[in-house]
Amino acid sequence: MGELLQVGKRGKQILRLLLENGPLSSATLKEVVVPPMKIRKLNAAISRLRSLGLVRNRHSSIRQYAGRYHELAAGDGHRSLLAQLLGVPKERLKTLPGNTEALEHWQACTIWAFRFEQQFPGVQISRDFQIIHDDALIEATNLSSRDIDLIPDLVLKFQRRNAGEQNVFVA
């Protein structure tokens with residue numbers, strides 16, 4: 001199946017965005033896809049990824065936020081295929097838990113991360129769900145807890161310019 005699977009550049013870009021940011025709505029994906037895509041083309045690309053079994057829908061449980069989010073498929077066979085396509089270890093492809101409020105919050109964090117990347121080329125941005133699994137980042141930033149409620153939403157790492165300088169972290 002992996003040999004016959006054809007995923008274009010835009011499809012891989014969407015998969016990478018879902019990997020790095022967790023579940024996203026079409027509206028949020030439209031905000032962070034570069035170069036921009038029309039919503040009709042974006043939805044067609046997502047539909048193709050869904051038909052290939054690489055993306056699945058995740059729905060909100062609160063009427064006020066009724067909407068559809070897209071996330072990477074979670075089955076073992078899908079994770080192996082996604083790991084190959086994206087060139088990442090299979091362990092990195094975990095389904096992110098979270099309720100509707102978390103899904104809405106991730107949308108805002110994704111857009112902020114995108115804006116920071118645009119404003120500060122070369123900055124490394126880690127999201128809360130990535131930070132709790134990153135021992136080196138926890139130590140470098142002196143975070144004292146792995147409690148997701150006490151971890152910052154985003155940590156920006158600015159690389160040192162000279163060998164003697166410290167990296168700068170902004171949470």
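1. Buried means under 20% relative accessible area, exposed means over 50%, and partly exposed lies in between, with a 1.4 Å probe and protein chains only. By that scale Arg40 is exposed, because its relative accessible area is 60%. Arg40 is found in helix α3, residues 39-51.

2. A word on the source. This is a predicted model, in which local features need pLDDT of at least 70, side-chain atom pairs count only at pLDDT 80 or more, and totals for chains, interfaces and linings use all residues. Residues are numbered from 1 along each chain as its sequence is written, and side-chain values use heavy atoms, with hydrogens and water left out.

3. Now the overall plan. The chain has seven helices and six strands. Helices (H or I, at least four residues) and strands (E, at least two) are DSSP runs, numbered from the N terminus. Along the sequence the order is α-β-α-α-β-β-α-α-β-α-α-β-β. The chain has 171 residues, and 39% of them count as buried. Contact means heavy atoms within 4.5 Å. Take the contacts between residues at least 6 apart in sequence: 53% of these join residues at least 24 apart.

4. Start the packing with α1 and α4. Two packed helices are described by the angle between their axes and the distance between the axes. Axes are lines fitted to C-alpha atoms, for helices over the stretch in contact, and angles run from 0 to 180 degrees between N-to-C directions. The axes of α1 (residues 9-21) and α4 (residues 76-86) come within 11 Å and cross at roughly 110°. The two helices are therefore roughly perpendicular to each other. The crossing of α1 and α4 is left-handed. That means the near helix is turned anticlockwise from the far one by less than a right angle; clockwise would be right-handed.

5. Which residues in α1 and α4 meet? From α1 come Lys12, Leu15, Arg16 and Leu19, and from α4 come Leu82, Leu85 and Leu86. This contact holds five nonpolar residues, no polar ones and two charged ones. Ala, Val, Leu, Ile, Met, Phe, Trp, Tyr, Cys and Pro count as nonpolar, Asp, Glu, Lys and Arg as charged, and the others, Gly among them, as polar.

6. Stay with α4. Its buried residues are Leu81, Leu82, Ala83 and Leu86. Their cover includes α1 and β3 (68-72). Gly87 follows α4 and has a positive phi, near 65°. Most residues other than glycine have a negative phi, and most peptide bonds are trans.

7. Helix α1 also packs on α3. Their axes come within 10 Å and cross at roughly 80°. So α1 and α3 are roughly perpendicular to each other. Gly11, Ile14 and Leu15 in α1 meet Leu42, Ala45, Ile46 and Leu49 in α3. The residues of this contact divide into six nonpolar, one polar and no charged.

8. Check the peptide bond between Val34 and Pro35. The bond is cis, with omega about -5°. Pro35 sits in the loop between α2 (26-32) and α3.

9. Next, the aromatic rings. Rings of Phe, Tyr and Trp (its six-membered ring) pair if their centres lie within 6.5 Å; planes under 30 degrees apart count as stacked, over 60 as edge-to-face and the rest as tilted. A search of the whole structure finds two aromatic pairs. One of them is Phe120 with Phe158: the ring centres are 5.4 Å apart and the planes lie at 85°, so the pair is edge-to-face. Phe120 lies in the loop between α5 (100-119) and β4 (124-127), and Phe158 in strand β5 (residues 154-158), so the pair ties together parts that are 38 residues apart in sequence. Phe120 is partly exposed, at 34% relative accessible area. Phe158 is partly exposed too, at 25%.

10. Ser25 lies in strand β1, residues 24-25. Its relative accessible area is 14%, so Ser25 is buried. Beyond its neighbours within four places in sequence, Ser25 is in contact with Arg68, Tyr69, His70 and Gln107. Asp128 is found in helix α6, residues 128-131. Asp128 counts as buried because its relative accessibility is 8%. Its C-alpha is separated by 6.0 Å from that of Pro152, 24 residues apart along the chain.

Methods: Parallel < 35°, antiparallel > 145°, perpendicular 65-115°, else oblique.
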